[in-house]
Amino acid sequence: MYFLGLDIGSSSVKLSVIDGDSGKRVANATYPPQEMTINAPESGWAEQAPEDWWDAVKKGCEQLWQIKPEARDNIDAIGISYQMHGLVAVDKDGKVLRPSIIWCDSRAVATGEQAFSELGKDWCMEHLLNAPGNFTAAKLRWVQENEPELYSRIHKILLPGDYIALKLTGECTTTASGLSEGVFWDFSENQVADKLLKHWHIDPVLLPRQVLNLGVQGEVNEIAARELGINAGAKLAFRAGDQVANAMSLNVLEPGDVATTAGTSGVVYAVTDKNIADPDQRINTFLHVNKGDAEAHRGLLACINGAGRMNSWLRGVLSTGGDLSYPTLNELGESVDPGSDGLNVFPFGNGAERIMRNKLLSAQLDGLDLNRHGVNHIARATQEGVAYAMNLGFDLIKDLGAETRIVRAGHSNMFLSPVFTSAFVNLIGAPLELYQTDSADGVARAAAWGCDFYTSRDDVFRTLTCKAVLEPQAQLQNQYQDLYGQWRTAVEQRLIQNH
């Protein structure tokens, strides 16, 4: 039997097929080949058409079956990873009513802040473990207030992964973890946050039926089977937001385990068994994935919206009239010493930054000397700036009392860069394990676990391959801590100026 993993990102959809017996990937694909469009009809907005995600899934499947044709009729189960915090609104026929308001959209910041004030900090921290902020629930309230006629036609609201599940099974469902990432979840009561819904006059009937993150959630219907070219009846057996799914792909499941990514956004995600809330609202807490009746852990998440997005922006600017590859960009950065000769980059400018108290900060080059700095300095300073921002998230998580014993990442995106990985590992001061996997692989394996093809955790991760373990070096560690201190002081000054 084969298992299909779908990773629904805002840049592209990645797909992977795992052979259940060997546990190894036998096909993978990415669609579209160029980054998907994010529409911004107004400043601070970010929208995508959910139908485009489904179209990318279909086109990606066409590529998979060209590589491994025998798998298409033998898909036992499917797993989904998806971009977190988006809002998809559908009518009673399952038709999308408006473009999805995605994760980096900032329009609902004021909506969330007002609710935080009205509900009270103590109640929010005890029950939601978060401020309502700029999450899915606040985005729904924004639609209610600003698009009342459309709101009246909403049958169900879905997260991006829930929409893909709807297309696969014909049913509107969600998960407790998904509800928590939308800040619809009351951790004290272990149920939907009724008080928040009542405060915003949101009818709980708009929320879909809950299913398990890890377990059979439904089956692929005949319509979806024809569109994807697979067998009807394949089980949907795993679904989680991208950072939860990434942690699953890296076997980051126990308290003290940390998963990190540096794709479009940069994330540090630490698993804990405690209800931890950040009173400064810079770190968010969501439900982690668990199997069956096992205790549900929490995930502490520090997100930097502008991480890889800053690096890709730089590549795009420097590629005008040509094509500058990421390896070439890395080589430019390697030609400069740590610290980039006094040049700092603040890698923001891709939506409101939670670790910066939901401020909508611009990206910035700080200390640029036109007589001393060239593109190689900018290349290195960009990667160091992302590493500093991610280390800030790491520090904030540790300050909340979370353990950080093991740090793991996939050997992909910015973790392919020696400049970035050196800065990152010497900033966090702990070994970094790099694995040859990604979320599409991980959710395919999780789907095999969810439908009980794999019966143990050891079965799931027996082929997870550690590519490298990077250790901090004392001299570089001291140097980068000094540089980080200077960067953080400058960032805090910017926050004060923007207050």
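Is E47 buried or exposed? In this predicted model, E47 is buried, with a relative accessible area of 7%. The residue takes part in two of the ion pairs described below, with R98 and with R107.

The structure holds 28 salt bridges. In one of them, E47 is paired with R98, and the closest N and O atoms are 3.3 Å apart. E47 belongs to strand β4 (residues 47–48), whereas R98 is placed in the loop between β6 (88–90) and β7 (100–101); the pair therefore ties together parts that are 51 residues apart in sequence. R98 has a relative accessibility of 9% and so counts as buried, the threshold for that class being under 20%.

A salt bridge also joins E47 to R107, with a distance of 2.8 Å between the closest N and O atoms. This pair links distant parts of the chain, as E47 is in strand β4 and R107 is in the loop between β7 and α2 (109–119), 60 residues apart. Both E47 and R107 are buried. The contacts of E47 form part of a network of salt bridges that links E47, R98, D105, R107 and E147.

Another salt bridge is formed by R282 and E492, whose closest N and O atoms lie 3.7 Å apart. R282 is located in the loop between β16 (266–272) and β17 (284–287), and E492 in helix α17 (residues 474–498), so that this pair ties together parts that are 210 residues apart in sequence. As for solvent accessibility, R282 is buried, with a relative accessible area of 4%. E492 is partly exposed, its relative accessible area being 24%; this value falls between the limits of under 20% for buried and over 50% for exposed residues.

D122, E126, E189 and D194 form a negative surface patch. Within this group, E126 is situated in helix α3 (residues 121–128). With a relative accessibility of 48%, E126 counts as partly exposed.

How values were computed. Residues numbered from 1 in each chain as written. Predicted model: local features only at pLDDT ≥ 70, side-chain atom pairs only at ≥ 80, totals over all residues. Heavy atoms only, no water. Salt bridge = Lys/Arg side-chain N within 4 Å of Asp/Glu carboxyl O. Helix = DSSP H or I, 4+ residues; strand = E, 2+ residues; numbered from the N terminus. Buried < 20%, exposed > 50% of the residue type's maximum accessible area, 1.4 Å probe, protein only. Patch = residues over 30% accessible without salt bridge, like charges linked within 9 Å, V, L, I, M, F, W, Y side chains within 5 Å. Areas by Shrake-Rupley, 256 points an atom, 1.4 Å probe, with all protein chains shown as cover. Lys, Arg positive; Asp, Glu negative; His and termini not counted. Charge placed at Lys NZ, Arg CZ, Asp CG, Glu CD.
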